[in-house]
Amino acid sequence: MGSTLMATTSILLCSALAAVLSSTYSIKKPLNDSVYGAHGEFMVALKYVTLLLLFLFSFTCHTLSIRFVNQVNFLINCPADGSAVTPDYVADLLERGFLLNAVGNRLFYSAVPLLLWIFGPVLVFLCSATMVPVLYNLDLVFAAEKGKLEPRIGADFGCAAV
């Protein structure tokens with residue numbers, strides 16, 4: 001469900017950027033009058049194309065993630081007797097789905113500072129400085145042991161491959 005929301009948001013932002021780029025109205029004029037940073041025609045085009053590519057790749061990764069997870073939902077109920085569907089194959093498909101979801105999230109999260117890049121480099125710096133601790137806390141699981149926090153990996157929690 002999260003992949004569906006992120007894929008929808010990615011394609012919606014791609015559509016909005018495409019509408020801004022193709023508009024004949026001078027909606028891009030306030031964006032060109034930024035105080036900091038390069039705002040020539042080449043740099044503005046580079047900013048928009050970079051954003052479009054990141055959001056399109058994020059949409060693709062989330063869509064493929066939805067595809068793999070839906071396929072796992074169907075295959076997990078198949079009987080294992082004499083069929084080509086093995087538990088290892090289903091587990092591999094599930095891992096691919098989760099990996100594509102993680103890649104899609106990373107692409108989406110990396111596009112947020114670049115979206116602010118349109119308005120100047122100060123907002124990019126502030127957004128990047130806040131994104132680093134947020135993504136660090138999303139990546140590592142901490143457990144309180146002996147009064148201090150230590151990162152732990154999934155194998156310490158009894159996670160096993162199916």
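Colleague: Is Ser 10 buried or exposed, and what is its relative accessible area?

Modeller: The model is a predicted one, and Ser 10 lies in helix H1. A residue counts as buried when its relative accessible area is under 20%. Ser 10 therefore counts as buried, for its relative accessible area is 0%.

Colleague: Which residues is Ser 10 in contact with, leaving aside its neighbours within four places in sequence?

Modeller: Contact here requires heavy atoms within 4.5 Å. With the neighbours within four places in sequence left aside, the contacts of Ser 10 are Phe 55, Ser 58, Phe 59 and Phe 108.

Colleague: Ser 3 is found in helix H1 as well. Is Ser 3 buried or exposed?

Modeller: The cut-off for a buried residue is under 20% relative accessible area. The relative accessibility of Ser 3 is 8%, so Ser 3 counts as buried. Apart from neighbours within four places in sequence, its contacts are His 62, Ser 65, Ile 66 and Asn 101. The answer for Ser 3 is thus buried.

Colleague: Which residues is Leu 17 in contact with, once its neighbours within four places in sequence are left aside?

Modeller: Leu 17 is among the residues with the most contacts inside the largest nonpolar core. Beyond its neighbours within four places in sequence, Leu 17 is in contact with Tyr 48, Leu 51, Leu 52 and Phe 55.

Colleague: How many residues of the lining of the largest pocket are charged?

Modeller: The largest pocket has a volume of about 180 Å³. Of its 13 lining residues, those closest to the centre are Leu 75, Ile 76, Thr 86, Pro 87 and Val 90. H3 and H4 each supply at least two residues of the lining, and the largest share, four residues, comes from H4. By type, the lining has 12 nonpolar residues and one polar residue, while the number of charged residues is none.

Colleague: How far apart are the end C-alpha atoms of residues 1–18?

Modeller: The unreviewed UniProt entry lists residues 1–18 under "signal peptide". Over this span the chain is 94% helix and 0% strand, and the distance between the end C-alpha atoms is 26 Å.

Colleague: What pattern does the protein chain follow when read along the sequence?

Modeller: The protein chain has five helices and two strands. Of its 162 residues, 25% count as buried. Among contacts with a separation of 6 or more, 67% join residues 24 or more positions apart. Read along the sequence, the pattern is α-α-α-α-α-β-β.

How values were computed. Residues numbered from 1 in each chain as written. Predicted model: local features only at pLDDT ≥ 70, side-chain atom pairs only at ≥ 80, totals over all residues. Heavy atoms only, no water. Core = buried A, V, L, I, M, F, W, Y, C linked by side-chain atoms within 4.5 Å. Buried < 20%, exposed > 50% of the residue type's maximum accessible area, 1.4 Å probe, protein only. 1 Å grid on protein atoms, 1.4 Å probe; cavity = no way out; pocket = protein on both sides within 12 Å on 5 of 7 lines; lining within 4 Å. Points joined across faces, edges and corners; volume = space filled by probe spheres on them. Nonpolar A, V, L, I, M, F, W, Y, C, P; charged D, E, K, R; others polar. UniProt positions renumbered as here; feature names shortened; annotations may be inferred.
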